[in-house]
Amino acid sequence: MANGNSARADAFVKNLPKVYGIYTGGFIVFIIALAIGEALGLPNRFIGWTFMLATVGLYAAIGIWSRTGDVAEYYVAGRRVPAIFNGMATGADWMSAASFIGLAGGLYVRGYDGLAFIMGWTGGYVLVALFLAPYLRKFGQFTIPDFLGARYGGNIARVIGIVAAITASFTYVVAQVTGVGIITSRFLDIPFGVGVFIGLAGVLVCSFLGGMRAVTWTQVAQYIILIIAYLVPLVWMSTAVTGVPIPQIMYGQVLQKITALETTLGVARHYVEPFTSFDIWNFMALTFCLMVGTAALPHILMRYYTTPSVKEARDSVGWSLFFIFLLYCSAPAYAAFAKFEVYNNVVGSQIASLPNWVQLWSNVGLVKIADANGDGILQLAELTLHPDAIVLATPEIVGMPYVIAGLVAAGGLAAALSTADGLLLTISNSLSHDLYYKIVDPEASTFRRLAIARVLLVVVALIAAYVASLRLGNILAFVSYAFSIAAASFFPALVLGIFWKRANAAGAVLGMLVGFLLTMYYLLKVGFMGGEAWFGTSALSAGIFGIPAGFIIIIVVSLLTAPPDQATQDLVESVRYPTIR
Amino acid sequence: MQISERMREYWRRNLKLTAVLLAIWFVVTYVVSFFAPALNNIVILGFPFGYYMAAQGSLIIYVVLIWYYARTMNRMDREYNVHEEG
């Protein structure tokens, strides 16, 4: 029986490259077919709907195909995801609506200062690789609160872990759902609220039946779609503007053209000039919070439980960052080309004859045009582009075929849904596995545990959709808050738990609590109530105080109280070596 | 649990490697962006160098750091006989 299973598993893993190869080819054929359809006169609305229904239908199909009733399959995909595929899945899990939609938009608006997000969200993987992934894989449980519970003996550390994991993941998931709403309402021409629920239905079919297993294989499929969707319009623009289809290298020229145009148009702050919208302190603090948050977000760390070995966990971090890098080194290029197109083609045109996209995006509230001086010509100051509209609207601004706009929308949807999947799973697992099974009822049957996990998944998704429909803030800001919360709550306790045997329960509990509460306090005070900032620090980097506070408190309190018992110290030793012979 | 002197050496070497790679990470991220305004005066292929480092250069170095760490540790696992079966 066991042999039969593992033989089947081997065949499954061996077939993966072929399956995803055929899938990628099929997707490209699908795009070409739609492009031909458009040339023959298919209406735009039909193209938008086809993209949405085909991709969401596909995710649902993978979800149904990977349905499972096995605990290890549901929580950690059977621990047999090869490094390269785990890398791709982590890439999709990681790259959310914030990366796909928000990032280039943030760069478009902030110029150099937006690069804090680029460095923060990639450099954090160095911390994951050096401090966490291999050790957590060796520990080999299901969730991050599992580690906290085992290392800091007892339920208090576990409960704080649960609360922080849920708060960070929930804040993050709201941002994803907002992205889903923007895309569906614009491209399907339906109200924001309805779009949110249609998108969520796609997420739920997938994770509901198959848990981590379904989410992993869907995320690989979503990565392929989102990277194609991001690169196609970029290569198009690069070829059109510079004649060379390598945008990541060619946009240097475009940066020069932008600087020249800025002088002509009288823009005071240059695009490539550092520290104009953030000062240097806020730039560094934000980069730091995003990096540490990367190495503390439970839905990402959880992924390194799914590889077959410690060795593969290490390799997998490298693959994750490689696949993320492909999009992240393209985002600044995307922003630069979009900026150039707007300066060059849109500004200075007749307002009466502006193309259709202006009206369509104004309907969603993301583009505003006001002819302040009444001369009928669009000046730079008269055009307001919301950052969240840049990536999605650029294909239309540049005048590409509508099929590319539909493709980019499908890519944005893939990015938002894949991350929402991982996050919802983290939240429902925290409640069903960590809270219910480990604390409330350790005798619960497998069937009961998974049933509870599934019900909670739906409940959490509905609450997230409701909060998103209130439209409390933009995507990038919400995501930054999630990073600060995770960073201050988890990073000190996790890292000291592995690297310092002397760290004990009292220290960790207090350190996590202070890190979490201090960050929440600062975030709510400065971000929402307009309170006074400390050292001028923006709420985006709320974790900059909580992270060091967490470290200091864990160290000081641990030294003042008794060292952990022998069993705990042995646990720490055991995670440091892949095998002890 | 029996931790031999040789295994302690494995851990010490791991810590040393971690510290070195972390130092590179720090310089690439914070020291380079601190000097970004000055570095922007150097222009390569149209890229102001300070901008390029934050947009692309640092990312490439991060990928290399992780790749190097994985390769070195995977080899060290075998050298110190703490590697996994297979």
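Modeller: Along its sequence, chain B runs α-α-β-β-α, which comes to three helices and two strands. Helices here are DSSP runs of H or I with at least four residues, strands are runs of E with at least two, and both are numbered from the N terminus. Keep in mind that this is a predicted model: local features need pLDDT of at least 70, side-chain atom pairs count only at pLDDT 80 or more, and totals for chains, interfaces and linings use all residues. Residues are numbered from 1 along each chain as its sequence is written, while chains are lettered from A and ligands numbered from 1 in the order in which they are written.

Biologist: Is chain B spread out or a compact globule?

Modeller: Chain B is more spread out than a compact globule, because its radius of gyration is 18 Å, well over the 12 Å that the globule rule gives for 86 residues. That radius is taken over C-alpha atoms, and the rule is 2.2 Å times the number of residues to the power 0.38. Along the principal axes, the C-alpha atoms of chain B fill a box of roughly 55 × 25 × 15 Å.

Biologist: What share of chain B is buried?

Modeller: Buried residues are 33% of its 86 residues. Buried means 20 or more other C-beta atoms within 10 Å of a residue's own, exposed means 12 or fewer, and partly exposed is in between, with C-beta atoms placed from the backbone.

Biologist: Switching to chain A, how many residues of α11(A) are buried?

Modeller: 12 of its 15, so α11(A) is mostly covered. The buried ones include A:Phe283, A:Leu286 and A:Met291.

Biologist: What do they pack against?

Modeller: In chain A, the buried residues of α11(A) pack against α6, α12, α19 and α21, together with α1 of chain B.

Biologist: Last one: where is A:Val109?

Modeller: A:Val109 is in helix α5 of chain A, residues 97-110. A:Val109 counts as partly exposed because 17 other C-beta atoms lie within 10 Å.

Key:
Two residues are in contact if their C-beta atoms, placed from the backbone, lie within 7 Å.
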